[in-house]
Amino acid sequence: MTLMTVEGLGIDFGGVRAVDAVGFAVKPGEIVSVIGPNGAGKTTLFNILSGVYRPDRGRVMLDGMDVTAMAPHRLAALGLSRTFQNLQVYLQMTALENVMAGRHLAERCSVIADLLGLPASRRRTRETADIARGLLARVHLERAAEREASSLSYGALKRLEIARALAAQPRLLLLDEPAAGCNAVETEEIDALIAEIAAEGVAILLVEHDMKLVMKISNHIVVLDHGEKIAEGAPAEISQNPRVIEAYLGTQAEGGHALC
Amino acid sequence: MRLKSTLAVSALAMMAANPAAAEIRLGAVLSVTGPASFLGDPELKTLEMLVEEVNAQGGINGEEVVLIHYDDGGDANRARTFATRLVEDDEVAAVIGGSTTGVTMAVAPVFEANEIPFISLAGAVVIINPLNPWVFKTPHTDRMACESIFTDLTARGLSSIGMISGQGGFGTSMREQCIDVAGEYGIEIVADETYGPRDSDMTPQLTSIAATDGVEAVVNAGFGQGPAIVTRNFAQLGIDLPLYQSHGVASDAFIELAGDAAEGVRLPGTALLVADLLAEDDPQHAVVTAYRAAYEDRFEEPVSTFGGYAHDAFWIMAQAIESAGSTDGAAVRDAIEATTGWVGVTGEFNMSPDDHMGLDLSAFRMLEIVDGGWSIID
Amino acid sequence: MYEFLQFVSSGMTVGAVYALVALGFTLIYNASDVVNFAQGEFVMLGGMTTVFLYDAGTPLWLAAVLAVMITATVGVLLNKLAVEPARGASVVSLIIITIGASIFLRGVAQIVFDKQIHRFPAFTGEDPITVAGAAILPQSLWVLMGGAAIFGVLYLFFTRSVIGKAVLATANNRLAAKLVGINTTAMMTLSFGLSAAVGALAGVLATPITLTSYDVGGGLALKGFAAAMLGSMGVPAGALVGGLLLGLIEAMTAGYISSDYKDAAAFIVILTVLFVMPRGLFGRAVAERV
Amino acid sequence: MRLSPRTWTLIILAVLIALAPVTFPSAFYFRIGALIFVNGLAVIGLVILFGYAGQISLGHAGFAGIGAYSAALMPMHLGLHPALALFAGAVLSGGLAFLIGRPILRLKGHYLAVATLGFGILVFIVLNNEAQLTGGPDGMAVEDLGLRAVSDALGLGLRTAEVWYWFMGLVLLLGAFLALNLHTSPTGRSLRSLHNSEVAARTLGVDVVRYKLTAFVISAVYASLAGSLQALLNGFVTPDVAGFLHSIEWVTMAVLGGAATVLGAVFGATILTALPQALTVFQEYEHLLLGLIIMLVMIFLPAGLLPSLGKTLRQGESI
């Protein structure tokens, strides 16, 4: 039973095919990585899957339902959550509030009750705060709970964003370079965290440049180059695939991210 | 803390001006800036000039007159605040002001509630009708301006007119009054256009009026730069009809701004505009010539009808305080109501408990602009 | 038919002034992301300074040149004293600064000049030219030609001259411009000076028709801002089209529908356009980068 | 016991409102106080729209105009009690905000600014032009709300200006209470999250159109109530209440005080309401100085007065 199926997906920007004819599938509890050189269209793909961009071609199915070009908030309601490559943390809110805001879908309250500060609304806020504290602990940020996000380190913000995405209790989690800018210890923590999340049955779609991480935790890898899928398969197959190696060697600028 | 200290600062600023012995505190709320500054500016200058003059002559009843004035910027809400300030904080004995009808109507209840005599400088008839026991006014009503124009039209055998009015309070109110009173003079308004207070081209409206069948004359209700532009556009379009302006076109500045286009324009004006044309034995000759000379000498700008309203308001108030012998509100009010046969620059005032303006149509003189100057039509 | 022509000529003349004010907004916006609500005051300063110099006996052409130079200096000072020191402030804070500047300049003008309404003579006579029954003032042609010339010269400046290209580069990407060695601070100063000069020129050209006083700036800023947004903020061609369109809509509404609601018609058109094209007539859709 | 920022803000406001009259030399100051509270109410509404949800409006005086003229017209033509007219006006404003909000709030930044500005001007034009109904630019009288009568019936022995001061003070506290509740509520978090990152909020399930609309409607109701109350306080109303300058004044109050907080809103309203009164001593230099002060504050305290002062105080403590 697949959770998400992507077929022939494509989008153009000013005549350039940023993503073209991409297809793959994700099952619950599975970790699928999308890799490729810079500019291969990975983030664009994520933006389409999360509803931020409307694709020009192809379709996306979630649970057998066509969700192509559905608005992001409706996709979120169907259990899709994501993080961002360039961080979209709520900088002027505290770490705790960031994670609490991730609980949005679970805590629908009436505006009137919120304005009046009715007990129901305040109880809901307390409950959400408790859950959020738990999630902060899970990403080792419990001590930063009351700090404004703008004062946190880059690595902490990365983890905060994961916690916020988890707060939405997703069935499919899109992680866009969760380990970028993290040191070895932090990367290992994130590695463990991702595995743990997947073990709970959440499907994970991962964009990551750290190939060690990718090769270690992925069940399945999709390789993009110039917007097209050039290979797909288990980590062992991918690391041997000549087209993949060529794509990576062809872009020397990648430097530190070379395939290992 | 902040709230208190801010207020304390302004309190200190105002304390400096607290009542001393033997002075008459005269308040003024005027639209010195904003869209009605065309009215408020000469009004304030006139009041300041006259207060100095009176004090140089030993004040009123031996007491110095102190003028406390605020600029409402033409905003009724601000004017109301300043009215409260005049009454509660400055403890004035009498108030002149309200450059516009809107401002006047907003502040009048404050003075009524505190029984302080108030002379408004605004035109609309609603200020004195229904009668408010504490509220007077010195300008003609806009209804009288309409009547005056319509009388002249009738004399010329014209009965079908187009109107173009400013969208400000002055133009809107006069437009309504003209429409209201037109029937009594057998005048039909066949075209009715307006323009915004900051518009710079009225040719579309005038083109429409000129294209309307049967228009025999055009009447423009408004003040400020609007009438000058209307007049210029009128000439530009070569419209060959009599053009009437209102008393809002109230100074030589209009002739300067409208240039040659102003030739032949008629309007109901006050004696002030034609001071040099008045016969020596004209009852208004002395007062008009004196005010005009004093104002133009001091401020180096043409005197305006609006300053004239302030002139008359000031002297009516001053004389009332003098004859009342005190600044007791009711006594001053009664003295204002007793003003009869007093000749001001606007006309002869005959106030009464039922008439808080005291002017009649004779105060208006129909003027025509000829060779870049005023002339009187009889 | 002559009516239509008359309305067109009225709308174009008024619209040309709006277009120049809108252009002033656009020049400053491009260089600094600041929406300068003091833009109308530049028009006022141009007109009023010319009036007072002319009345003091300066020949009209010299008075006009001096007025433009003085206003450009005011523009530069506004940037140096009020906008540059506030760099890093939010866009809204910068807008409030320019609103403060507008109140300040008006306050200064009412003291330095006066509160009367003024004009100076038209450049080439007051006798209207009749074209197919429509009467057009020679000064209207001055406004239209002058406006066209300003747009033309600026177009050449931005596309042909090195400095012009540097200003454009700054507008496109400030960081990149800095990296290739463009003095972006100087470009900002230049833009403020240029924008103020354009505003002052509008004031000089239009005053014989529109008259001027210390407080004409606010209304012009409002219309100019609306025109700039209609044609997409930051696009000079948009300023031109937006300004002329606004003027024409007002004139046509006043002529054919209702003079009471001509300003309303202008804003209804703007709202309608924005509902259909959220970035204005000349705006390009930009994909969100996340 | 540790008090929440919400409780602190309410206590500070209540104490200031209660103690300020000690320094008042005359009834005029009670009017200034009441006006500060009226403006403060509208600016708190703008804080919800602008500080919480990050959406600008240059046209909220339009809603004030609807509120003010509802309070003036409904008692006259429908025989409604002014108090009811006040609420009817709020419903009308909220409903209108709901209708126009959907298309307008799709716009961003300066485009949103010009669209809201256009809306405000349209309201002003209608109020100004429909003279038969509204009295046109000269305005119209507004029926008495009857506050003084209530006060007298209760034997409070207060003057009219004082009654209004205390009444408006209570209304302001209520307005602050609601806005503060909202801040820490689920809705408030959603508003602030879409302010911080609209795209992140969307992917976390926030229906941004709906939430922007919510903030827009709430702020419109605040503005409408402020407009109604100003009209009732003055007993008179002119179309200026809906004017562009009035909108700008409120936005300036919000930004000057510090746009993100309720206390900043009241602070900004206080400064910009009281300052012109203090500046009158400078006569014709009044406007020049007002412009200068606004510029200087924004140049040197770009985050607004209250946050900047707060930061200075905190730094002072830590040293």
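Here, a residue counts as buried under 20% relative accessible area, as exposed over 50%, and as partly exposed in between. Keep that scale in mind while going through this predicted model.

Take D:Val15 to start with. D:Val15 sits in helix H1 of chain D, which covers residues 5-19. Its relative accessibility is 41%, so D:Val15 counts as partly exposed.

**Salt bridges**

Now for the charged side chains. Over all chains, the count comes to 43 salt bridges.

| Pair | Closest N to O distance |
|---|---|
| A:Glu7 and A:Arg59 | 3.1 Å |
| A:Asp191 and A:Lys216 | 2.4 Å |

Let's go through them one by one, beginning with the pair between strands. A:Glu7 and A:Arg59 form a salt bridge, and this pair ties together distant parts of chain A, 52 residues apart. A:Glu7 belongs to strand S1 (residues 4-13), while A:Arg59 belongs to strand S4 (residues 57-62). A:Glu7 has 35% relative accessibility and is therefore partly exposed. A:Arg59, with a relative accessible area of 36%, is partly exposed as well.

Next comes a pair between helices. A:Asp191 and A:Lys216 have their closest N and O atoms 2.4 Å apart. The two residues are 25 apart in chain A, with A:Asp191 in helix H7 (residues 184-199) and A:Lys216 in helix H8 (residues 211-217). Are the two partners buried or exposed? A:Asp191 is buried, because its relative accessibility is 7%. A:Lys216 counts as exposed, because its value is 59%.

With a relative accessible area of 16%, B:Lys45 is buried. B:Glu301 is at 10% relative accessibility, so this residue counts as buried too.

Which residues are linked in a network of salt bridges? They are B:Asp199 from chain B, along with C:Lys223, C:Glu250, C:Lys262 and C:Asp263 from chain C.

Technical notes:
Residues numbered from 1 in each chain as written. Chains lettered and ligands numbered in written order. Predicted model: local features only at pLDDT ≥ 70, side-chain atom pairs only at ≥ 80, totals over all residues. Heavy atoms only, no water. Helix = DSSP H or I, 4+ residues; strand = E, 2+ residues; numbered from the N terminus. Buried < 20%, exposed > 50% of the residue type's maximum accessible area, 1.4 Å probe, protein only. Salt bridge = Lys/Arg side-chain N within 4 Å of Asp/Glu carboxyl O.
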